[in-house]
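Student: I am new to this structure and would like a close look at one part of it. Could you take me carefully through how its helices pack?

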Amino acid sequence: MSARDDMHRHFTEVSPVYRSVRTTDREPVERIARELDGLVRPKGADIGCGAGRYVLLMFEMIPNLSLTCVDTTPAMLEQLDGLLRANGIDGFETRQSTAECLELEPGGYDFVSTFNAVHHFDFPEFLRRSRDGLAEDGRLFVYTRLPEHNARSVWGRYFPGFAERETRLLALGDLHGAIEDTPGLRFAAAACVRYRRRASLERLIEQARNRHYSTFALYESDAFEDALAAFRAAVERCFADSVEWYDENILIQAVRDDG
Ligand SMILES: C[S@@+](CC[C@H](N)C(=O)[O-])C[C@H]1O[C@@H](n2cnc3c(N)ncnc32)[C@H](O)[C@@H]1O
């Protein structure tokens with residue numbers, strides 16, 4: 001089975017619990033909403049939209065939004081559809097597609113966004129496809145964690161092999177270089193965000209057992225159990241009560257600029 005097939009199976013399996021095992025941050029969506037302030041009826045596309053937790057936030061914070069929600073995993077799109085309908089939202093459509101085969105209406109979008117997903121994409125191809133969908137001055141927003149963010153997280157520090165096995169995350173220089181190498185896109189800004197976190201060890205173990213980061217799906221079953229036991233022991237040594245750490249992410253902004 002290919003790595004892509006493995007990830008497809010992983011995201012299908014995790015889709016029913018995905019929203020409940022991940023931590024969702026308002027900060028990137030608040031920033032995106034500020035950037036789009038002034039557009040009367042913003043039209044966007046969110047790629048790798050998953051079960052819809054960031055899409056829901058966008059509908060809450062961006063007035064008169066209409067959104068094309070794209071993901072390669074049908075089970076994720078079903079979760080998203082149920083979430084938005086349960087919240088009375090109908091200004092959206094779902095599309096099953098990979099980022100690499102994305103076909104947006106040329107020049108039809110004010111923005112393209114993607115949260116926690118670019119490390120699953122062929123990034124240069126995703127950039128070309130997104131550019132083609134953007135109107136002149138349209139924005140591309142990429143929210144992701146960098147390899148160093150991953151290494152400094154509670155998982156990178158205490159879960160054996162977590163940082164080493166996660167080789168898919170792109171460095172800032174690679175993200176910047178790929179954007180600047182895409183004709184018609186200009187790198188506009190990057191903002192790092194840092195969140196203070198606190199959780200019980202049991203909550204962290206529940207998240208890992210549910211493979212809330214796809215990195216955990218890269219472990220064979222025995223190796224996962226060994227690493228989880230080592231994680232428990234390390235955390236118990238370092239923290240008397242609840243576990244505290246910082247999560248970090250970056251929000252990158254590019255602009256369609258045909259010069
Ligand atoms: C880590 S999840 C993030 C989901 C969502 N953006 C969020 O933050 O909750 C990554 C998502 O990307 C999707 N995905 C993986 N590879 C993809 C590809 N090549 N094209 C489009 N979507 C992809 C997966 O199905 C999954 O829903």
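Tutor: What follows is a description of two helix pairs. This is a predicted model, in which local features need pLDDT of at least 70, side-chain atom pairs count only at pLDDT 80 or more, and totals for chains, interfaces and linings use all residues. Residues are numbered from 1 along each chain as its sequence is written. Two packed helices are described by the angle between their axes and the distance between the axes.

Helix H3 (residues 27-36) packs with helix H4 (residues 53-61) at an angle of about 45°, their axes being 10 Å apart, which makes H3 oblique to H4 (angles under 35 degrees count as roughly parallel, over 145 as roughly antiparallel, 65 to 115 as roughly perpendicular and the rest as oblique). The crossing of H3 and H4 is right-handed, and the contact joins Val-29, Glu-30 and Ala-33 of H3 to Tyr-54, Leu-57, Met-58 and Met-61 of H4 (residues are in contact if their C-beta atoms, placed from the backbone, lie within 7 Å). By class, this contact of H3 with H4 has six nonpolar, no polar and one charged residues.

Turning to the second pair, the axes of helix H11 (residues 201-209) and helix H12 (residues 221-238) cross at roughly 160° and come within 11 Å, and H11 and H12 are therefore roughly antiparallel to each other. The crossing of H11 and H12 is right-handed, with Leu-201, Ile-205 and Ala-208 of H11 and Leu-228, Arg-232, Val-235 and Glu-236 of H12 making the contact. The residues of this contact of H11 with H12 divide into five nonpolar, no polar and two charged.

Methods
Axes fitted to C-alpha atoms, helices over the stretch in contact; angles between N-to-C directions. Helix = DSSP H or I, 4+ residues; strand = E, 2+ residues; numbered from the N terminus. Left-handed = near helix turned anticlockwise from the far one by under 90°. Contact = placed C-beta atoms within 7 Å. Nonpolar A, V, L, I, M, F, W, Y, C, P; charged D, E, K, R; others polar.
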